[in-house]
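Welcome! Please take a moment with the sequence and the model below, and then let us walk through them together.

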Amino acid sequence: MDNVIDIQNVSMRFIMEQERTNTLKEYMVKLVRRKLRFSGFEALSRVSFSIERGESVALIGKNGSGKSTMLKLIAGVMEATEGSVRVRGSIAPLIELGAGFDPDLTGRENVYLNGALLGHRRRYMQENFDSIVEYAELEPFIDVPVRSYSSGMIARLGFSIATHVQADILVVDEVLAVGDYNFQQKCYRTMDRMLGAGRTLLFVSHDINQVKKLCRRAIWLNRGHVMADGPSAEVCDAYLAWMKEQEEN
Amino acid sequence: MKHEVIMTIRYSHLIGELVKRDLRLKYRRSFLGYFWSLLNPLMMMTVMMVVFSYMFRFDIENYPLYLICGQTIFNFFNESTNKAMYSIVDNGILIKKVYVPTCVFPLAKVLSNFTTMALSLVAVLIVMVFTRVQFHFSMLLFFVPLIFLLFFAGGMGMILSGLAVKFQDVTHLYSVFTMVLMYATPIFYPIEAVPEGVARIIRLNPIYTIIYLFRELMLYGRIPAVGAWLYAAGTSLAMFAVGAVLFDRMRRNFIFYI
């Protein structure tokens, strides 16, 4: 078995105190009064699944179901309270495209900066520069500061960089809402092609139709638990039925 | 910690890109551009020279050079640590999304300020030429105290950036701290001007030791005693090590606060 992502018995607890104390004074006062309450909130509890190379998997669930926390654990920006998260291979995150852009830098400069943030060297980016710009359809604007780009242009550049850098796992989080219809179609084609090339796709979306179209498998999370894990059509239908039931109650 | 060190080395090109960004943006949209790195210290020095030659007089040989040496070093420390302090908070969105070894942010800030300081050394050179300082071979050692300073500021920057994530107060406190530090560092006055008891404390200030080394080399062409070198090297490396260890303990919690 060739698993690229292995999630075993993962739990993630947030300590609520950490969200509240923001100043040194508050902290000291609470410390003195022994009022540092550590009420926990479990965003994920005992979640296990693994993803094989070349799979396309969607994470679905309501707001607050733990999808984003799961993505953060996989991306390595957070460490699980319990259990083990193992990722083999590099990740290209497409989470909120353009989060790493500096508005004052030009598109060109941002390509290199963003590439470096994803762990790629300048020379590698240089080799891919032209096709990145061409794909993003930004040739006339590449030397303009990104602050004057439209949100669609930023998304295009971000998507283009993330798909051009060589990564084993592509993480897409609710981003394709930006960009016009044509570009969205182009994105889907690219993701399809990447899947064909043995890359792994992890997709998070509330758009069930998108999920069905793009992913073979879906994992449905609710309040930190895995409700269902299987073929995306089945899981999506179960999720929709459950949502409808919830609405009626 | 070991893993983080390896990752930082692997991401060293990211530090390079971040430094490049800072340098590009620093003088973007300004007419004189990098020339400011040279002009600014000269203008500051002139102002201080005028103030301190008419109001408070100190008996210091080659006062302009004395001033600009101290000022260059102190300003670098002040600016780089201040910028580093905000570096994690400012990159919060990014840190939440993509894995990067977080220490690259404060370290890149310190390095980009170090580069601009290196540029403003030309201003020091200009003052040396103008005041006709005699050339000594010992002057070629000028970079050694600056390297110590780089490590010292790097350690301090890591500590501040980590603390500022959890406690905003640190940013306010630090501006007061740097003001105190500025007066406690003989930049525009000679150490002989303060009572011996105070001078003894000032000599413990690592920033002052670095300024002292730099001045001895550049002003007088003397090679300072071994003790001062060792003290500066020891405090700088210790500060860097403590900074790295503390940062490593804090970084795990960044995600919960940014």
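## The fold of chain B

Chain B holds 12 helices and zero strands (helices are DSSP runs of H or I with at least four residues, strands runs of E with at least two, numbered from the N terminus). Chain B is as compact as a globular protein of its length, because its radius of gyration is 19 Å, close to the 18 Å that the globule rule gives for 258 residues. That radius is taken over C-alpha atoms, and the rule is 2.2 Å times the number of residues to the power 0.38.

This is a predicted model, in which local features need pLDDT of at least 70 and side-chain atom pairs pLDDT 80 or more, while totals for chains, interfaces and linings use all residues. Residues are numbered from 1 along each chain as its sequence is written, and chains are lettered from A and ligands numbered from 1 in the order written.

## Inside chain B

Of the 258 residues of chain B, 38% are buried, meaning that 20 or more other C-beta atoms, placed from the backbone, lie within 10 Å of a residue's own.

## A look at helix 2

Helix 2 of chain B covers residues 12-26 and reaches 21 Å from its first C-alpha to its last. Which residues of helix 2 of chain B are buried? They are B:Leu14, B:Ile15, B:Glu17, B:Leu18 and B:Arg21. Seen down the helix axis, these buried residues fall within an arc of 165 degrees, so they line one face of helix 2 of chain B; the arc is that of the directions from the axis to the C-beta atoms.

The buried residues of helix 2 of chain B pack against helix 4 (107-117) of chain A and helix 6 (104-130) of chain B, where contact means C-beta atoms, placed from the backbone, within 7 Å.

Note on methods:
A residue is buried if 20 or more other C-beta atoms lie within 10 Å of its own, exposed if 12 or fewer, and partly exposed in between; C-beta atoms are placed from the backbone. The expected span of a helix is 1.5 Å times one less than its number of residues. Two residues are in contact if their C-beta atoms, placed from the backbone, lie within 7 Å.
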